[in-house]
Amino acid sequence: MSAAAILDWGLGLAQGALVLAMALAAWRMLRGPRAHDRILGLDTLYLNGMLAIVVHGMRTGSGLYFEAALIIGMIGFTATVALAKFLMQGEVIQ
Amino acid sequence: MNRILPYPVLSAALGVTWLLLNAPPTPGSILLALMVGLAVPHVMRALRPRAVRVRAPGLLARLAVIVLYDMVRSNIDVARIILGLRRGERRTGFVAIPLDLREPFGLAVLSIILTATPGTLWVQYDSDTGRLLMHVLDYTDGDAWIRRVKDRYERPLMEIFA
Amino acid sequence: MTGADLPVWAAWLVVALALTGAAFSLTGALGLVRLRTFYERVHAPTLGATLGTALILCGSMLLLSLLEGRLVLRDALIGVFLTVTTPVTLLLLARAAAHRDRHEGNPGAPPKL
């Protein structure tokens, strides 16, 4: 097998695994049972989505996806912190 | 360090981040990185963060190696638990650890270490009594977890950020 | 197609890093489904946030460095950022869960400090 074929297949498989991980996290997010379970699912969904984008960047061989991954990581962090804070106090801004 | 470099570690981190984002380095981006590294810490001065003092850099490097090893090992342990490859009964539980570490930077690094090793989760820390409540995925009786946290991580951290 | 002029061993190495990282991430997400209580489940995503991310980012840095013919360390920034933020996220979530469980007097609630 040529190097390009190995990369294409292997990285595609990794991407598939990450998408499956996103589906499992989404299941936990929709299923609950409690609100903090859903937030944990959302956080995992974000994380695996970020990794899937990094792997997609590797597959296309371009560095352009780096910024997207970094921003998804940042927004995921902010969202989770805000939601967890809301659960604790019932308000985000105080 | 005084007027020009109030927070040398922050300056270095900002400069390196700038260069990494704008790789490959050109004379222009190096100049900008220097400017960012020199100017931004002066803005931070208004917030008056406490200066970090690392006493023992050698110990810090050794701790990093230990944490890296523990991270890989506990990742494999937790993966085995999730996949059901481990025989025998498993219990989970909360462990309360009396900490002697009071330095905020040391506590921050300890929280990063405990989170980076799956299987341990920092739940709550009481700054008045210095007690830390931790959840462990693989609970054992006795003070095995307390000793592990105190000997492996807390003692080096207390020496580093003394 | 990318990496047509890459040596075969390098392609295998990159694929091995990315696949192992993705496998750890998937195991973490599986734990989110399989483990029984919330406090057990919080441990699961750290698998993806630590070793999973580290391996995938190492693979990405290796591949981009080889493709561009220079050292590309940019992806390490994602790793640094994630290392610093994950404790904050999980700590806040665990605190919120502990607060609610204690407030409602649930049987699995953590003991008082």
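What percentage of the 162 residues of chain B count as buried? The share is 36%, where buried means under 20% relative accessible area with a 1.4 Å probe, counting protein chains only.

## Basis of the model

This is a predicted model, in which local features need pLDDT of at least 70, side-chain atom pairs count only at pLDDT 80 or more, and totals for chains, interfaces and linings use all residues. Residues are numbered from 1 along each chain as its sequence is written, chains are lettered from A and ligands numbered from 1 in the order in which they are written, and side-chain values use heavy atoms, leaving out hydrogens and water.

## Fold and extent of chain B

Chain B holds five helices and three strands, taken as DSSP runs (helices H or I, at least four residues; strands E, at least two). From the N terminus, their order is α-α-α-β-α-β-β-α. The radius of gyration of chain B, over C-alpha atoms, is 20 Å, well over the 15 Å that the globule rule gives for 162 residues, so chain B is more spread out than a compact globule. That rule is 2.2 Å times the number of residues to the power 0.38.

The C-alpha trace of chain B spans about 60 × 40 × 25 Å along its principal axes.

## Annotated spans of chain C

The unreviewed UniProt entry lists residues 6-32, 44-64 and 76-94 of chain C as "transmembrane region"; such annotations may be inferred rather than shown by experiment. In the model, residues 6-32 of chain C are 93% helix and 0% strand, with end C-alpha atoms 38 Å apart. Residues 76-94 of chain C are 100% helix and 0% strand, and their end C-alpha atoms lie 27 Å apart.

Note on methods. Buried < 20%, exposed > 50% of the residue type's maximum accessible area, 1.4 Å probe, protein only.
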